[in-house]
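I opened the model to look up strands, helices and ring pairs. My notes follow in the order I took them.

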Amino acid sequence: MADHIVIIGGGPGGYEAAHVAAQLGAEVTVVDTDGVGGSAVLTDCVPSKTLIATAELMADMTTAQELGVNFHDHEGDAATAIAVDLGRVNARVKQLAADQSADIAARLDRDGVRVVTGRGRLGPDLTVEVGDETLRADAIIVATGAAPRTLPSAQPDGERILTWEQVYDLTEVPEKLIVVGSGVTGAEFASAYLSLGIDVTLVSSRDRVLPGEDADASAVLEDVLTRRGMNVLGQSRMQSVTRDGDTVTVTLTDGRRVSGSHCILALGSVPNTADLGLEAAGVATDEGGFITVDRVSRTSARGIYAAGDCTGVLMLASVAAMQGRIAMWHFLGDAVAPLDLKKVSSNVFTAPEIATVGWSQKAVDAGEIDAQAVMLPLAGNARAKMQGVRDGFVKLFCRPGTGIVVGGVVVGPRASELIHPVSIAVAESLTADQLAQAFTVYPSMSGSIAEAARRLHRV
């Protein structure tokens, strides 16, 4: 008789686990509340990157004249401005998210996975309760995700004070937008709305934008954003956000006030782990409510695994998906390697993008690993010159002696694509010489990766 796997949550951690379990012959039930795909598909990754795709096109248009492209109206006069139809953009965002969710549901159906709509809760002896139904399982995966963090002094109203999940209901372009929080989410939305032609103020409690990213990369991004007109308020901690009619006011802890028409709160995430029956089931959580897991996704309770943002391991859809797959490979006896966060590539979808993999500059500087580094600006790259790209760089880290590539950073257009060869090098322990000697197209941005690797050659 096939093992029965019950998965609570239909996001990447849940649906990818379901595919693996079905492939390995298990009977699979996914319990989901809001539509398969989870926040990654419905309210976070897919919607935000769809919005950013429009923003990227707007940003590209600013270099059109330099590349010899001019715009004219129907009477032949020069067109000096372009504008975004935010209502149409957001309608497209929502449609793409719905389509992606439907595609995932169809794939689950083809794999024979049963999807139950409702809120799942852990019961006794490896059971999951959904409404009046009790599902008995051989193994359970909790993949309930996380939600935007709010504060009593900064409550969203869904109209002018917004979480990042609520911005897609906007039909008119904000006159003046304040983004509170300069982590990945805050930086991405601030960059996107700036590219859409909106007046943006970014309130950052730290001394630089993206404090968790490579410092050189953060410096490039902040320089670009301020040069393009963004007002970046560093070392400015938000105390409260209030609304009076059409005006939103952000009050800072030092007494300063910043007013605008809209405010996006990007204050981090809280796990969706309340009222799941975790404690009664013996599933341990940390002080923030995140489920504690090991590197094969096991919780403290036998037969119960967890994956994705509810674990707080690394809040990326790719990591959630891998945690879910690893859980099923482990439980169902397939070949499995523990999760290795040093092989995870990630990207910040700002303009320019910032992609990273492996060991960081911060770790090297702190002496956590002995590594040599080289940084090569994109400004000298022939393809970059053709495309009018001046900002960005490639940075590689390799071990002295062996020359094995252990990390890298790419800042520039489509850095999310350019990081892949570096990611392969890190995952497969390739040397800088091996990376350098693989052919690249000329001219191409990826040529800078090979050139940086050549500069790490040691005779």
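How many bridges join strand E13 to strand E14, and do they run parallel or antiparallel? I found six bridges between E13 (residues 238-244) and E14 (residues 247-252), and the two run antiparallel. I noted the terms here: helices (H or I, at least four residues) and strands (E, at least two) are DSSP runs, numbered from the N terminus. Two strands pair if DSSP finds at least two bridges between them.

Before going on I wrote down the ground rules. This is a predicted model, where local features need pLDDT of at least 70 and side-chain atom pairs count only at pLDDT 80 or more, while totals for chains, interfaces and linings use all residues. Residues are numbered from 1 along each chain as its sequence is written, and side-chain values use heavy atoms, with hydrogens and water left out.

**Entry: the hairpin**

I stayed with E13 and E14. Arg243 stands opposite Val248 in E14. The hairpin has two residues between the strands, and Gly245 takes a positive phi near 65 degrees there.

**Entry: the parallel sheet**

Strands of a sheet pair through backbone hydrogen bonds, either parallel or antiparallel. I traced an open sheet of five strands, ordered E3-E2-E1-E7-E18, with parallel pairing. Its edge strands are E3 (114-117) and E18, each pairing on one side only. On average, neighbouring strands are turned by 20 degrees against each other, direction ignored. Such angles run from 0 to 180 degrees between N-to-C directions, and axes are lines fitted to C-alpha atoms, for helices over the stretch in contact.

I then walked along the sheet. Strand E2 (residues 27-32) joins E3 through four bridges. Val31 stands opposite Val116 in E3. Strand E1 (residues 4-8) pairs with E7 in the parallel sense over four bridges. Ile7 has Ile141 as its bridge partner in E7. E7 in turn pairs with strand E18 (residues 304-306) in the parallel sense, over three bridges. There, Ile141 has Tyr305 as its bridge partner.

Which way do the side chains of E7 point, and are they buried or exposed? In E7 (residues 139-142), Ala139 and Ile141 point one way, Ile140 and Val142 the other way, and all are buried. Buried means under 20% relative accessible area, exposed over 50%, and partly exposed in between (1.4 Å probe, protein chains only).

**Entry: the antiparallel sheet**

I found another open sheet of five strands, in the order E19-E20-E23-E22-E21, with antiparallel pairing. Strand E19 (345-348) and strand E21 (372-377) are the edges, and each pairs on one side only. Neighbouring strands here are turned by 10 degrees against each other on average, direction ignored. E21 is joined to strand E22 (residues 393-398) by six bridges. Pro377 stands opposite Phe393 in E22.

**Entry: rings**

I looked for aromatic pairs and the structure holds two. Why is the pair of Phe189 and Tyr193 stacked? Their ring centres are 6.2 Å apart and their planes are at 20 degrees, so the pair is stacked. Rings of Phe, Tyr and Trp (its six-membered ring) pair if their centres lie within 6.5 Å; planes under 30 degrees apart count as stacked, over 60 as edge-to-face and the rest as tilted. Phe189 and Tyr193 are four residues apart in helix H5 (residues 184-195), so about one helical turn separates them. Phe189 counts as buried at 4% relative accessibility, and Tyr193 counts as buried at 1%.

Tyr305 and Phe331 form an edge-to-face pair, 6.2 Å centre to centre with 80 degrees between the planes. This pair links distant parts of the chain: Tyr305 is in strand E18 and Phe331 in helix H8 (residues 317-331), 26 residues apart. Tyr305 is buried, at 4% relative accessible area. Phe331 is partly exposed, at 26%.

I also checked Trp359. Lys342 lies over the face of Trp359, at 4.6 Å from the ring centre. A charge sits over a ring if NZ of Lys or CZ of Arg is within 6 Å of the ring centre and within 35 degrees of the ring normal.

**Entry: helix packing**

Helix H1 (residues 12-23) packs on helix H4 (residues 86-110) at an angle of about 25 degrees, with the axes 10 Å apart. That makes H1 roughly parallel to H4. Angles under 35 degrees count as roughly parallel, over 145 as roughly antiparallel, 65 to 115 as roughly perpendicular and the rest as oblique.
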